[in-house]
Amino acid sequence: MPAIAVDSLYKVFGKGAKNAVAQLKRGVPRADLAAKNVTAAVIDHNWSIEPGETFVVMGLSGSGKSTLIRMLNGLIKPTAGTIRIGDVELGSLSSRELRRLRREKISMVFQHFALLPHRTVVENVAFGLEIKGVDKTERLERAREAVELAGLAGHEYKLPAQLSGGMKQRVGLARALAADTEILLMDEAFSALDPLIRQEMQDQLLDLQSKLGKTIVFITHDLNEAMRIGDRIAICDGEVKQLGTAEEILMHPADDYVAEFTADVDRSRVLTAEAVMEPCGTQDTSALRRIEPDVPVNELYQPVLDSKAPLLVVDDNADPLGVVTPRSIIKSLAFEPETAADGEEERQPA
Ligand SMILES: Nc1ncnc2c1ncn2[C@@H]1O[C@H](COP(=O)(O)OP(=O)(O)OP(=O)(O)O)[C@@H](O)[C@H]1O
Ligand SMILES: [Mg+2]
């Protein structure tokens, strides 16, 4: 069963919201609604996330990301459509049941959040559990574990004023981890951090994910960040423009909106041997150096130069999948993505 599933999900702000959904379904552009002060923030989302998946929602400012996440944890109600958390449909819950589900199943990490200035790191992390009525010994123990997981070991007894921005953000992460919920919702959690600290936090999250296997919905407006941490990425502008893995989006952007984002991405880090390889053809591959399909391209430059011959990409059974040559690498990095929309135009009769 999916951890989270949304079906024909809409959120419209403004007068006549329900009517606006009917109009959107008939194909009225959202700009026409905007002219009447009606904002279509989330339009016809249909997707589901498996347990343990890191799902990234990415889009420009105003693309409906925060609205989506606030619907997922039941803070605001959809205008139309359904949200399922496990086997529970949020719309079927009373506000009391909803609060309970939120408390037990879902944690949030925001870009900015308030720390209690006179409490230590551990006490700040334990605070969320205090509100939930967890007794003192247990909450301090869970808080210490979470502090360690969030990479704050050694800083347990510092006060917020003694922490850097990155460390404060780790406290937010620790607070969410201490709640020990299956689902983590992260809204631009790293966006306010300096690039280096931000990368450290991304690494920390990846490391945590490999240990804990939470279901994470991570919101960002940075495609490099999205590609670094997301198992799958939904690129949104009200509606979902494309949903797929980093490679799928990079190699086959659905339209110009998506392609524009991908222009800024460091392809060599995202693309793997499998994505850039060429067919083996009829050449004799027996003497070629073998590599696995998931090696990133930026680790292939040196081997391909050193070996002065193509590298052979092989699967688990050592069967050849393709070859990587200097040319295939250069082609993929310099690659002008052809969008699906371009293809469609070509197929149409003149
Ligand atoms: N409570 C509200 N009432 C009216 N309009 C709203 C409300 N909340 C959000 N909106 C509008 O919905 C649209 C989407 O907002 P949202 O905050 O979801 O975007 P976002 O993708 O999170 O943007 P950002 O990257 O700036 O955080 C915006 O046009 C916003 O002004
Ligand atoms: Mg937002």
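1. Val 6 stands opposite Ile 83 in strand 4. Strand 1 (residues 4-13) and strand 4 are antiparallel and joined by five bridges. Strands here are DSSP runs of E with at least two residues, helices are runs of H or I with at least four, and both are numbered from the N terminus. Two strands count as paired if DSSP finds at least two bridges between them.

2. This is a predicted model, in which local features need pLDDT of at least 70 and side-chain atom pairs count only at pLDDT 80 or more, while totals for chains, interfaces and linings use all residues. Residues are numbered from 1 along each chain as its sequence is written, and chains are lettered from A and ligands numbered from 1 in the order in which they are written.

3. Strand 1 also runs antiparallel to strand 2, with seven bridges between them. Lys 11 has Val 42 of strand 2 as its bridge partner.

4. Strand 4 pairs with strand 5 in the antiparallel sense through two bridges, and Ile 85 faces Val 88 of strand 5. The two strands form a hairpin with two residues between them. In the turn, Gly 86 has a positive phi of about 60 degrees.

5. Together, four strands make an open sheet in the order 2-1-4-5, with antiparallel pairing. Strand 2 and strand 5 (88-89) are the edge strands, each pairing on one side only.

6. Ligand 1 has residues around it that include Phe 13, Lys 65 and His 221; a residue is near a molecule if its C-beta atom, placed from the backbone, lies within 6 Å of it. Helix 3 gives the largest share of this shell, three residues.
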